[in-house]
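Please open the model in your viewer and keep the selection panel at hand. The tour below goes from one selection to the next and says what is there.

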Amino acid sequence: MAAARARQAQLVKPPGSLGRLEDLAVWLAGVTGSERPALHARVVVAAADHGVAAQGVSAYPQAVTAQMLATFASGRGAVSTLAGAVGAELVLVDAGVAGGSEGIDCVRLGIGPSHDLSLEPALNVGEVALAVDAGRDLAARAAADGITVLAGGEMGIANTTPATCLAAVLTGRAVADLVGAGTGLDDAGIARKRAVCERALELHADAARGPLHALRRVGGGEIAVLCGLALGAGEHGLGYVCDGLIATAAAAVAAGIEPDLRPRLLAGHRSPEPAHGVLLDHLGLEPVLDLGLRLGEGSGATAALAVLRLALAAHDGMATFAEAGVSGAA
């Protein structure tokens, strides 16, 4: 990072004039260990369903999760097109899809949807271990394939509910202040979702102490995979770009387990969901983009990869004052 900063100071521009683009190039130098780093990106989208959907906390039916996973695999989903546009690979994971993923090109964990967290723990110990380890393994494979940056995304009807519960547990904020509209709930739906979250947190208050216990009690399969993916990025020397609320909740669990992970995290964007801003503050992350995105799928994190590419283009391709024969500042 020091070497990258020194290079930035010699490029043919006033110091700091490229703002955040300079910072992003320095960040990538740090996570890759290279003064002039390369961006080889892979987007991992984990999908799962949630028993809490039965409580009416989503505007969409559960069948949509499997349908969208198939759409991603076809190359016609939002994240599919965005990943293609920024030159990133896309890997899909079935981390508990109710409709199954037969015929879809994806990694299958062999676990089912999470249980209704308002009535019982969302996952059992074995499911959490399997999903977290699967995420770590995906990061290990990425490192072996020459990937330098991972981006985490998700798909799962009703998954803003567990993510909001996790945000409350991890930050200590009242869940009533964190509940948002998700995929488009009306006022009555938001009130119902808030009540479900409050009931869940009351039920699990004594048991959800510590990040892993919280993940098991009020998390979900895709959140556990992304938690492992973030941990694996740290283990294998990769940068990790968080997407919106759900993916950032997973990263916050990972950072709670391993605080030294935080410098490797980058917030791709800021979602309108209230809990997302709280989690970003909790992690000390400044988002690259603020475009009102609330789709999920890794779409915001993938869009941020385009900005990373621009940052590296300037960092690597610009001439220094000496190379350009331009007089530097006095």
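In which hand, left or right, does α10 pass α11? Bear in mind that this is a predicted model, and begin by selecting residues 274–283, which form helix α11, together with residues 245–257, which form helix α10. With both helices in view, the answer is that α10 passes α11 in a left-handed crossing. Their axes come within 9 Å of each other and cross at roughly 30 degrees. Angles under 35 degrees count as roughly parallel, and therefore α10 is described as roughly parallel to α11.

Next, show the side chains where these two helices touch. On the α10 side, select L245, T248, A249, A252 and A255, and on the α11 side select A275, H276, L279, L280, H282 and L283. Sorted by class, the residues of this contact comprise 8 nonpolar and 3 polar, with no charged residue.

To see the contact itself, select I223, L226, C227, A230 and L231 in α9, which meet I246, A247, A250, V253, A254 and I257 in α10. The contact of α9 with α10 consists of 11 nonpolar residues, with no polar and no charged ones.

Now move to another helix pair by selecting residues 160–171, helix α6, and residues 187–203, helix α7. Their axes cross at roughly 50 degrees and come within 10 Å, so α6 is oblique to α7. The crossing of α6 and α7 is right-handed. From α6 the contact draws on T160, T161, C165, A168 and V169, while α7 contributes K193, V196, C197, A200 and L201. By class, this contact of α6 with α7 divides into 7 nonpolar, 2 polar and 1 charged residue.

The last stop is the largest pocket, which holds about 440 Å³ of space. If you colour the lining of the largest pocket by class, you will find 13 nonpolar, 10 polar and 5 charged residues.

How values were computed:
Residues numbered from 1 in each chain as written. Predicted model: local features only at pLDDT ≥ 70, side-chain atom pairs only at ≥ 80, totals over all residues. Heavy atoms only, no water. Axes fitted to C-alpha atoms, helices over the stretch in contact; angles between N-to-C directions. Helix = DSSP H or I, 4+ residues; strand = E, 2+ residues; numbered from the N terminus. Contact = heavy atoms within 4.5 Å. Nonpolar A, V, L, I, M, F, W, Y, C, P; charged D, E, K, R; others polar. 1 Å grid on protein atoms, 1.4 Å probe; cavity = no way out; pocket = protein on both sides within 12 Å on 5 of 7 lines; lining within 4 Å. Points joined across faces, edges and corners; volume = space filled by probe spheres on them. Parallel < 35°, antiparallel > 145°, perpendicular 65-115°, else oblique. Left-handed = near helix turned anticlockwise from the far one by under 90°.
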